[in-house]
Amino acid sequence: MDLLGFASKAHRKIMQTLLFQNADLFVSIQVILIVKYRIGCPIPVASDPDKIVIPEGRTPDLIVKDITYIEEEDLVKNYLPLFGGNQSWLQREESFKLKPSMKVHCGFLRNGGADMNPVDIEYVKKCRFVVASGTFDGYDLPHQPSNISVRSRKLFCFLMVVDEVSLKFIKKNVTIRKDNDKGMWVGIWRLIPLKHPPYDEPRRNGKVPKILTHRLFPQAQYSIWIDGKMELMVDPLLILERYLWRDKHTYAIAQHKHHRSIYEEADANKRRKRYARPLIDLHMKIYYYEGMEPWSLKKNTKSDVPEGAIIIREHTALNNLFNCLWFNEVNLFTPRDQLSFGYVVYRLKGLFKFFMFPNCEYNSLFVLHPHTREHSSKVEWVKSLSEFKGSGSSMKESRGGFGLWTPYPKNLDSVILPSVVRTSKAG
């Protein structure tokens, strides 16, 4: 086994590069760096991507066998088509009741936006194994992965989803190569531009390729999502073997570094001004009313809060359904997807199985780069619902978050959110 993950970002990158160049240096480097840094932890990945045995066939679909998507709706008068559709409270409730055959909202409603170029649609048809990433509104430049084997370079499609703003930003800062089919490349990354952003809020746009990877790349059987700020340091075949195939998992995601309860995470989001405070509170009140308790040792999960910067998936029917339901919550409420993941797990009553691995392993898979600039929008500074009135109404999103403005079918006035004790200075 290779054991990676002891150093700071810069030192860890140096160490990992040296490990792959000269295995004899491993012991001395580990001894030097483990004393000074404890950012990551050992990852028990296999030693050679060329020796990984890829499972034949697909994991059988035992609970949900077939899933189809709502792609057309009657348009609401005076409203543009919506990427996420107009899911009613009743449709939302029914979507959590698992049946062998399901039809659900899952983004990509006709004329709702997030359109791929025909050349890219054709290219991704050949992609069975995918490493996907994305950058929106010019916040990141593509970071080239390191330590990628020749086998993985041939096996995987490395797909970087970008909006038109990011594409212009990338063109100004790095060299883009065009192939004979007019596909665009930055190093190993094939750029996948999405035209017509489905949302006003860039963070919400970024959830489309992150959560709905199976819809953008429907031929993919396996995918590894990494956020645009991450530089992958471990061969993707080793990642699939470690987190899925070895113990027969089909979905893996890292545990959050600081929080296990969504109510802790919501409190941190408010302190850090990640979205309007009263809307985060309303989001959490709905979940608490619907029975979502704070995380405790009594629960069957390690945590209700993931570190969503990496998602490792086999595209089974149940996993695809879970991603649809997770996305629908992000579409309906706040764009903070870490608040919704555990809720959807709860609503599926233990039928959705996933591997939540230690956060320190997450820190050993990547080098984290800063965004090119900080994200900020006026809505993140809102402290009271009254600020949305009058001239402040322009801060309301026009194509997402409608569950925060559509009357909830029950009375939430008596709902008091559970108290939160801050467990970490960083959190």
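Arg-271 is partly exposed, with a relative accessible area of 32%; that label covers the range between buried (under 20%) and exposed (over 50%), using a 1.4 Å probe and protein chains only. Its salt-bridge partner is Asp-267, with the closest N and O atoms 2.4 Å apart. Here a salt bridge means a side-chain nitrogen of Lys or Arg within 4 Å of a carboxyl oxygen of Asp or Glu. Asp-267 is likewise partly exposed, at 24%. Both residues belong to helix H11 (residues 262-271) and sit 4 residues apart, about one turn of the helix. Helices (H or I, at least four residues) and strands (E, at least two) are DSSP runs numbered from the N terminus.

Keep in mind that this is a predicted model, in which local features need pLDDT of at least 70 and side-chain atom pairs count only at pLDDT 80 or more, while totals for chains, interfaces and linings use all residues. Numbering starts from 1 along each chain as its sequence is written, and side-chain values use heavy atoms, leaving out hydrogens and water.

The structure holds 19 salt bridges. Among them is the one between Lys-97 and Glu-94 (2.9 Å, N to O). Lys-97 is partly exposed at 42% relative accessibility, and Glu-94 is partly exposed at 35%. Glu-122 pairs with Lys-125 at 3.3 Å between the closest N and O atoms.

On a 1 Å grid over the protein atoms alone, a cavity is a set of points where a 1.4 Å probe fits but cannot get out, and a pocket is an open set with protein on both sides within 12 Å along at least five of seven lines; lining residues have an atom within 4 Å of a point. Grid points are joined across faces, edges and corners, and a volume is the space filled by probe spheres set on the points.

The second largest pocket has a volume of about 440 Å³. Its lining comprises 19 residues, and Lys-299, Asn-300, Thr-301, Val-345 and Gly-350 lie nearest its centre.

The largest cavity has a volume of about 50 Å³, and its lining includes Ala-114, Phe-136, Asp-163 and His-196.
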